[in-house]
Amino acid sequence: MSTKIEKKNYAAITAIGGYVPEHRRTNLELEQLTETSDEWIVKRTGIKERRILDADLGTSDMAVGAIENLLENYSKKLEDLEAVLVATSTPDMPMPATANIICEKLNIKNVLAFDLNAACSGFLYALDMGASLIESNRFKNVLVIGADKISTYVNIHDRTTNILFGDGAGAVWLEASEEPGILDAKLLSNGDGREFLNIEAGGTLYPYDYELVGSEKRFIKQEGKVVFKHAIEAMSKTCLQILEENQLSIDEIDWLIPHQANKRIIEAVGREIKIAEGKTLINIEHYGNTIAATIPLCIWENTHQLKKGDLVMLTAFGAGFSWGASLLRWAI
Ligand code: UT7
């Protein structure tokens, strides 16, 4: 296979870890809180339960859990790291970056560390930034994390969002490699979607104050139908572009690992790009939409299925709107 860009230095994923909180918020629990039903939620979204982090813990705690899980299963040493990139829309605090807080908790010293916010597409953006650092030949070991504690921003009494979202974190170790690992990415965004999916309060425009404490602005808000339609169109189109630009047919893709926002969206994208049945990996049933964590968590849960050399396509869509697709060769 010839990729679009012939690269001198390659980056590959050589280890992966994941973390989800223990507490489960089930559909039955949501039935007690709002006018909804397990049947409606499963039929319309594919979700049965989500994990919710304790109120006194933050996004960094889940990221640390994912990194510790990675270290338990792969022989990696934190002292080899040169960069820590965290994709999140729900940082522990406005500053310092959650990446810095993770470094402090794990005693990671003297590395490039920063957060990146591209909402549900954040992990794909961070993966591409991490790969670029390695391809620049200035970095050899980069940790890329997708982590979100979105439950903080979910109005538990709003049935249009409380059914969808959950907390989690995933981490991948990117390493300089002789063989191409991260092959290509097409990551895009525009501002057209701002009104359809957002959390308005908590930033500089609507800072938290007494007025906002009881306001709807502090919660995640979504026009589900609009987002649904754009998500299918944007992910399908970008996946097809990646295939075309790399002169690949869909049959050469071993696995499609999409952002987990709604099972119906995932299935519609699969139909649009005509991927064979059984090649799309889905774990939305147990975790719901964990924002930047869905893709690394889905890869992590399915590592037993992935074989070294498999061609994997990732795709995501989220607030902004921001979206994209990535192509990689599984290297573990
Ligand atoms: O990660 C970022 C990207 N996010 C997404 O991709 C999410 C995109 N959107 C969606 O996943 C879906 O639009 C939802 C799951 C949010 C909603 O599904 P839908 O099929 O678009 O339902 P709808 O909003 O059109 O509502 C259909 C009906 C309405 O009742 P009527 O007007 O037909 O009588 C709603 O009021 O279902 C009602 N409804 C519910 N009923 C029970 C809406 N939410 C619920 C609920 N339980 N939770």
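1. Lysine 186 and glutamate 245 form a salt bridge with an N to O distance of 3.4 Å; the term denotes a side-chain nitrogen of Lys or Arg within 4 Å of a carboxyl oxygen of Asp or Glu. Lysine 186 belongs to strand β8 (residues 182-189) and glutamate 245 to helix α7 (residues 224-245), so the contact ties together parts that are 59 residues apart in sequence. Helices (H or I, at least four residues) and strands (E, at least two) are DSSP runs, numbered from the N terminus.

2. This is a predicted model, in which local features need pLDDT of at least 70 and side-chain atom pairs count only at pLDDT 80 or more, whereas totals for chains, interfaces and linings use all residues. Residues are numbered from 1 along each chain as its sequence is written, and side-chain values use heavy atoms, with hydrogens and water left out.

3. The structure holds six salt bridges. In another of them, glutamate 49 pairs with arginine 24, the closest N and O atoms being 2.7 Å apart. Strand β3 (residues 49-51) carries glutamate 49 and strand β2 (residues 24-26) carries arginine 24, so parts 25 residues apart in sequence are tied together. Glutamate 49 is buried at a relative accessible area of 13%, while arginine 24 is partly exposed at 42% (buried means under 20%, exposed over 50%, partly exposed in between; 1.4 Å probe, protein chains only).

4. The protein chain comprises 10 helices and 13 strands. Of its 332 residues, 55% count as buried. Along its principal axes, the C-alpha trace spans about 55 × 45 × 35 Å.
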